[in-house]
Amino acid sequence: MMMMNFIVSSSYLLKQLQVLGSVINSNNTLPILDNFLFELDNNQLKVSASDLETTMSATLEIESNSTGSVAIPAKLLLDILKTFPEQPLTFTVEENNTVEISSNSGKYAIAYAAGEEFPKAVTLEEPSSTVIPAEVLATAIGKTIFATGNDDLRPVMSGVFFQFSTEGLIFVATDAHKLVKYARTDVKASQSAEFIMPKKPLNILKGILAVSDAEVKVEYNDSNATFSFENYILTCRLIDGKYPNYEAVIPKENPNKLIIGRNQFLNSVRRVAIFANKTTHQIRLKIAGTELNISAEDIDYSNKADERLTCDYHGDDMQIGFNSRFLQEMLNNLSSDEIQLEMSLPNRAGILTPIDGLDEGETVTMLVMPVMLNS
């Protein structure tokens, strides 16, 4: 058995492992996946975590002059690291199949598994690649992921659709009731490509990228994508299948345009929704002139609410019903002061867009399907 030992800062190691730990499932079919893989190459330690679909690794600077690999139980290691104040820790791989951790105050032995048992990360053969600023990717994920579906029978809709071209980048999510399209023309790809990213790796990326100012290198082929930035590499399997033609569901002619303060509208919807039917969550918008009426009624309980707001409206008088939960989710996800709601007919989708607060080259289009009003 090779002799391995290294010295690392406790808080630095914990911070890196907490990021990687988000990859690990709570119930793995393969016991080896409950471990972190530690691969030591002198002063570099590469730590990986995997659930077979997604594999993430971080490369850490440590003090060592040995090489080798071991798999260490993730939960046990995280639990002990959380208790240490900042200090150097010495890890020594012993002959008796344990890793010994020495701290300022004690010694702790953890049984390990052979590093060879850990599944190898996929390497992409001749991938296409694009570079995206971390902040742009984090925003794109944040703006779209809430609109993805959870239906196992329609796996393509449970992910976010990435559409890259020389014109720009487009990210789309939909669950058939609502749809979000986030586009950038200020970041471009060298060639066209489209793929569907699963939710889990996107949530992991969103968390780390939000606090990063790195450039993210995205590499992809037909079956996998890799995101590399700072000292991290995340590789994941893409969702197989063809994404629905989302352009076809976005109504092109929307002559009725309503402009209103986002917060005012959101608060009103939130209040009125309390009185809506608990299964349909239906609220009614009635627009005439510069007046918007928002109302809801729960016939079963004789609960009803009606609010009147002033708005800027151009179009025919109209009544349209929406699911208040979807409307609230969308309004919450926008950050602008004012929003525009474009409509054509009471049975066609409404289009919600921010009026202000966008970067140059950034557009957000949200689509919400109406619910049929019973008169």
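Strands here are DSSP E runs of at least two residues, helices are H or I runs of at least four, and both are numbered from the N terminus. Two strands pair if DSSP finds at least two bridges between them. Within this pair, V172 stands opposite K181 in β13.

A word on what you are looking at: this is a predicted model, where local features need pLDDT of at least 70 and side-chain atom pairs count only at pLDDT 80 or more, while totals for chains, interfaces and linings use all residues. Residues are numbered from 1 along each chain as its sequence is written, and side-chain values use heavy atoms, with hydrogens and water left out.

Back to the strands. β12 and β13 belong to an open sheet of 9 strands with antiparallel pairing, in the order β14-β11-β12-β13-β26-β25-β24-β18-β22. At the edges stand β14 (193-197) and β22 (312-314); each has a single partner strand, so one side of each has no neighbour in the sheet. From one strand to the next, the twist averages 15°.

Which strands does helix α5 lie across? The helix, residues 262-273, lies across β18 (256-261) and β24 (338-343), and runs at about 95° to β18. For such angles, axes are lines fitted to C-alpha atoms, for helices over the stretch in contact, and the angle runs from 0 to 180 degrees between N-to-C directions. Contact means heavy atoms within 4.5 Å.

Is D337 buried or exposed? D337 is exposed, at a relative accessible area of 60%. The cut-offs are under 20% for buried, over 50% for exposed and partly exposed in between, with a 1.4 Å probe and protein chains only. Beyond its neighbours within four places in sequence, D337 is in contact with I260, G261, R262 and D356.

There is another open sheet of 9 strands, again with antiparallel pairing: β9-β5-β2-β3-β4-β17-β16-β15-β10. Here the edge strands are β9 (113-114) and β10 (128-133), each with a single partner strand, so one side of each is left without a neighbour in the sheet.

Take β2, residues 35-41, from that sheet: 5 of its 7 residues are buried. β2 pairs with β5 (residues 67-73) in the antiparallel sense over 7 bridges, and N35 has P73 as its bridge partner in β5. β2 is also joined to β3 (residues 44-50), antiparallel, by 5 bridges. L40 has L45 as its partner in β3. β2 and β3 form a hairpin with 2 residues between them, and N42 in the turn has a positive phi of about 55°.

Two helices lie across parts of this sheet. Helix α1 (residues 10-21) lies across β2, β3, β4 (54-61) and β17 (232-237), at about 170° to β4. Helix α3 (residues 134-144) lies across β10, β15 and β16, at about 90° to β10.

Finally, the whole chain. The protein chain has 6 helices and 27 strands. Of its 375 residues, 53% count as buried. Along its principal axes, the C-alpha trace spans about 80 × 50 × 35 Å. Among contacts with a separation of 6 or more, 66% are between residues 24 or more positions apart.
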